[in-house]
Amino acid sequence: MNELSPLSQSFIAQHGDAKFGATVPWLDGLRKEGIESFASSGLPTPDVEEWKYTNLKVLEKLDVARTTEAAAIDPTELTWLPADLATHKLVFVNGHYSQELSAIGDLPDGVRVLSLAEAMTSDEDLMAEHLGQIGGFKDAPVLALNTAFIEDGFVIIVENTELENPIEVVFVSQTGASNSNHPRNLILAKDNARMTILERHLGEGSYLANHGFEVSVAGSSHVKHYRLLEDSATGINLSTVKARVGKDSIYDSFVLSIGGQLSRSEIHVACEEPGAHTNLNGVYIARDSQHIDNTTLIDHLVPNTTSKETYKGALDDKARGVFQGMIVVAEGADGTDGQMSNKTLLLSDESEIDSKPQLEIYADDVKCAHGFTTGELEETSLFYLRSRGIPEAPARAMLVEGFLAEVVEEGIKEDYQEIFTAKISAWMEN
Amino acid sequence: MLEIKNLHAKVGDIEILKGVDLNIEAGKVHAIMGPNGAGKSTLSYVLSGRDGYEVTEGLVIYKGKDLLAMEPEKRAGEGVFLAFQYPVEIPGVSTINFLKAAVNSVRKYRGESEFDAMDFLKFVREQTKILNISDDMLKRAVNVGFSGGEKKRAEILQMAVLNPSFAILDETDSGLDVDALRIVGEGVTALRSPERSMLVITHYQRLLDYIVPDVVHVLADGKIVDSGDKNLALELEKNGYANYTEVAA
């Protein structure tokens with residue numbers, strides 16, 4: 001306990017030296033809680049069950065001193081959506097909102113889209129009410145670390161409105177004199193709110209991007225949160241989403257992980273009121289010695305809530321994948337329906353997947369299932385395509401893409417599927 | 001067109017083909033009939049190049065070339081087509097995209113220009129009508145959720161658009177009801193031409209009512225044991241394969 005690693009100590013020292021932009025007493029207090037919580041355990045090691053398969057030792061190679069200034073970025077490199085798709089766009093460079101690169105545009109009544117740094121002054125009470133409240137970080141040291149460094153990120157608030165155009169968020173990280181950033185993001189939807197968030201993570205060189213998300217979907221609202229993680233080959237991306245879903249509301253999450261030296265997307269969803277539903281879907285593809293971890297926890301806390309989860313991946317070379325999916329059905333949460341599935345294609349002898357789907361059920365009348373499969377491409381399928389004249393390499397790519405496309409079709413609204421399938425195709429062609 | 005000489009092949013340690021000799025001229029339709037386990041499907045897989053079928057003796061000359069030395073995709077490019085007994089489901093890949101990839105692959109191999117999406121759709125629709133294949137079916141994933149009849153019609157559609165000069169139909173009648181059999185039979189018959197040969201593999205005679213063969217062979221225990229005209233198929237329907245299996249045994 002007292003033996004914190006030099007890496008953990010360097011984060012603590014960095015926190016001590018930090019000069020935060022917004023100095024609000026309650027926020028300083030929250031950061032302090034964050035660093036104290038982090039200091040009580042330090043970065044998780046593989047001794048901790050939830051981190052058994054993902055070792056953050058790789059961070060030791062990085063000088064993690066926090067990023068304070070954004071360097072110049074070529075805006076054309078941030079373009080990833082079709083030119084004719086109108087969005088409300090926010091760009092964060094090394095965790096800081098970039099006014100120049102962003103284009104939020106006009107927003108309908110009932111919608112607020114802004115940076116956290118700005119919201120701290122314009123909506124201080126609302127921030128105080130929610131930040132650090134939606135999801136606790138006591139047993140989540142990586143989120144605690146994010147909390148210790150809260151400074152900027154995005155804030156999206158939609159009330160009683162269907163937001164027509166998607167909100168586009170781009171997080172770009174760079175190697176610099178200091179290499180870590182900790183954006184904190186807040187999504188609040190209530191009273192029949194509808195919104196789609198298209199989020200992209202990318203970067204250059206070596207860095208740690210450690211994201212925290214707090215999401216509240218309440219009062220028959222629906223949030224679609226589609227994320228593309230394509231960090232640089234030496235980038236490390238950690239993210240923790242804490243979502244609370246209320247009455248007759250839906251939180252849809254889709255995560256496409258195709259980049260980074262190491263990435264871990266952790267999502268916790270609490271279905272808190274009857275009629276709450278969540279769809280957690282994801283695709284992971286990796287090669288070389290990339291490591292991609294998807295860890296999810298769905299809590300069914302009350303009767304009549306539902307969840308559906310499918311993650312599929314393809315791993316080549318020495319790539320390693322991790323899937324940890326946990327569904328917990330609380331005592332009395334009858335009528336719960338939770339379906340979870342994880343399927344992985346291993347494209348090489350040395351690739352590896354650690355898949356751990358788990359159910360903990362304390363109620364009587366529930367419908368829950370989980371399953372996972374691991375396999376190679378079917379010889380019969382490959383022969384079928386080749387017998388039609390399609391050479392072996394494109395035939396393999398077609399089978400892998402087809403296998404993965406099923407989740408994209410299931411997890412993403414039709415209008416945006418192509419954005420993600422195109423990324424998968426491009427990856428296959430490399 | 002195709003000349004099979006003393007073909008021996010084994011699967012694992014078991015010899016299945018024990019010296020097959022067969023000559024198929026351009027434009028002719030040959031039928032191969034025979035009891036279960038005679039080696040009919042093995043012959044179709046050896047000709048189309050599937051892994052796991054080891055040729056131990058003999059050769060196959062196709063248009064003057066050594067067919068057995070070619071990879072499956074090259075055979076397809078050269079005009080060999082196999083309609084599968086059990087068409088394979090390819091989840092997540094739409095039928096139309098699969099067809100386009102296949103057709104453009106063989107066109108590229110043959111030095112022909114590739115289709116763009118619009119031209120290809122027009123090209124495919126010329127063929128879908130006779131086979132009663134809807135646009136909706138083209139949008140669905142390859143063979144996924146297709147009925148037995150839909151799968152076989154989709155096979156014949158592939159044959160039509162890939163324009164082969166030698167097509168093997170492996171038990172294409174299996175799993176078909178009378179109406180589906182008629183559609184498939186008419187579809188195949190429409191594809192007969194002086195430049196195209198076919199090898200129709202079947203257990204039963206009924207398919208041959210629709211695809212009338214020029215020559216009928218009996219394959220038993222890995223060898224061609226009898227050949228004749230279309231009337232041979234009718235005799236087999238009446239008398240069964242007992243005579244041949246006894247001979248072979």
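The expected span of a helix is 1.5 Å times one less than its number of residues, a rule to keep in mind while touring this predicted model.

Begin by selecting helix H7 of chain B, residues 178-190. With 13 residues at 1.5 Å a residue, H7(B) should span 18 Å, and because its end C-alpha atoms are 18 Å apart, the model agrees with that expectation. Next, colour Val184(B), Gly185(B), Gly187(B) and Val188(B), which are the buried residues of H7(B); looking down the helix axis, you will find that they fall within an arc of 160°, so they line one face of the helix. Those buried residues pack against H6 and strand S9 (166-170) of chain B, while Val178(B), Asp179(B) and Thr189(B), on the other side of H7(B), are exposed.

Now turn to the open sheet of four strands in chain B, whose order is S2-S1-S4-S5 with antiparallel pairing. Strand S2 (14-24) and strand S5 (65-66) stand at its edges, and because each has a single partner strand, one side of each is left without a neighbour in the sheet. Select S1 (residues 2-11) and S4 (residues 54-62) of chain B, which pair over seven bridges, and pick out Ile4(B), whose bridge partner in S4(B) is Val60(B). Helix H1 (residues 40-48) of chain B lies across S1, S2 and S4, running at about 70° to S2(B).

Finally, show both chains, where 21 residues of chain B are in contact with 20 residues of chain A. On the chain B side, H3(B) gives the largest share, five residues, and by class that side has 13 nonpolar, five polar and three charged residues.

Methods: Residues are numbered from 1 along each chain as its sequence is written. Chains are lettered from A and ligands numbered from 1 in the order in which they are written. This is a predicted model: local features need pLDDT of at least 70, side-chain atom pairs count only at pLDDT 80 or more; totals for chains, interfaces and linings use all residues. Two residues are in contact if their C-beta atoms, placed from the backbone, lie within 7 Å. Helices (H or I, at least four residues) and strands (E, at least two) are DSSP runs, numbered from the N terminus. Ala, Val, Leu, Ile, Met, Phe, Trp, Tyr, Cys and Pro count as nonpolar, Asp, Glu, Lys and Arg as charged, and the others, Gly among them, as polar. A residue is buried if 20 or more other C-beta atoms lie within 10 Å of its own, exposed if 12 or fewer, and partly exposed in between; C-beta atoms are placed from the backbone. The arc is that of the directions from the helix axis to the C-beta atoms. Two strands pair if DSSP finds at least two bridges between them. Axes are lines fitted to C-alpha atoms, for helices over the stretch in contact, and angles run from 0 to 180 degrees between N-to-C directions.
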